[in-house]
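Me: I would like a close look at one part of this model and at what surrounds it. Please give the cut-offs as you go.
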Amino acid sequence: VREEVKRIEQQWRENSSKEVGMLQRSIQEESKRQIAYRFGKDYGPSGPYKIEFEIEIPHQEGGTSPSVWYFTVETAPVDKMPHSLNIFLQQIELKLWVGCTIPINSDHKLFANSRNKLEDFQDAMLTSVTFRERSDYPSEAYSIGFHEMNGLPEIYINTKIYQNAQGDNKYHSAFGKVFHGRDVIDKVASLPASSGQLQTEVIIKRAYLI
């Protein structure tokens with residue numbers, strides 16, 4: 001009886017895994033269609049896409065006015081991370097990240113979050129990805145991706161090369177990389193911090209497709 005129960009449990013797990021996989025692939029295919037519809041005419045249906053960020057960093061060493069800096073993200077091709085890119089590109093299109101901050105420098109990552117604009121993300125139904133999409137798109141220094149699915153819109157930028165818990169770096173959740181303005185990322189990462197919290201406010205002033 002015990003062996004039969006184990007066999008039924010194993011079969012149930014396998015069937016459940018197959019159903020989840022089918023649902024995830026369906027979401028990815030629909031994401032590709034949405035990207036082509038929303039962005040294909042102006043930017044092409046398959047990527048990579050380029051997004052420019054303008055951030056404001058308060059002056060250090062006694063300065064009185066803030067500095068404005070720019071960096072550009074190049075996304076992965078759509079077929080690598082379609083669901084993540086569909087969410088991210090819509091967030092950019094709706095200017096949801098504008099006014100958000102980069103408050104955290106922890107574990108070799110910068111984190112941008114939206115706690116001050118959470119309702120805007122919720123109203124747009126773009127708070128997070130439905131599932132944690134992974135691919136062989138490389139995760140390396142200056143890669144960008146969505147942080148853990150905690151219900152809050154949050155993206156990370158690696159400041160150093162990232163290895164997953166298994167140390168193999170084969171499948172991960174990065175959907176793009178900073179390819180221009182990496183010195184800006186280094187500048188933010190060098191700002192004074194306490195227990196991972198930046199001691200100065202870094203504000204995203206603009207984020208837009210180019």
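Leaving aside its neighbours within four places in sequence, which residues is N105 in contact with?

Reply: This is a predicted model, in which local features need pLDDT of at least 70 and side-chain atom pairs count only at pLDDT 80 or more, while totals for chains, interfaces and linings use all residues. Residues are numbered from 1 along each chain as its sequence is written, and side-chain values use heavy atoms, with hydrogens and water left out.

Beyond four places in sequence, N105 is in contact (heavy atoms within 4.5 Å) with L110, A189, G196 and L198.

N105 belongs to strand β3 (residues 101-106). Strands (E, at least two residues) and helices (H or I, at least four) are DSSP runs, numbered from the N terminus. C100 is in the loop between α2 and β3. At a relative accessible area of 0%, C100 is buried, where buried means under 20%, exposed over 50% and partly exposed in between (1.4 Å probe, protein chains only). Among the contacts of C100 outside four places in sequence are N113, F121, V202 and I204.

I55 also touches V202 and I204, as well as I102, V184 and V188 among others. I55 and V188 are, with F53, F71 and F88, the residues that touch the most other members of the largest nonpolar core, which has 41 residues. Such a core is a set of buried Ala, Val, Leu, Ile, Met, Phe, Trp, Tyr and Cys residues joined through side-chain atoms within 4.5 Å. Helix α2 (residues 82-93) supplies the largest share of this core, five residues. A second, separate core of six residues includes A76, I104, F111 and Y156.

The structure holds five aromatic pairs. Rings of Phe, Tyr and Trp (its six-membered ring) pair if their centres lie within 6.5 Å; planes under 30 degrees apart count as stacked, over 60 as edge-to-face and the rest as tilted. F53 and F71 are stacked, at 5.0 Å centre to centre with 5 degrees between the planes. F53 is in strand β1 (residues 50-57) and F71 in strand β2 (residues 67-75), so this pair ties together parts 18 residues apart in sequence.
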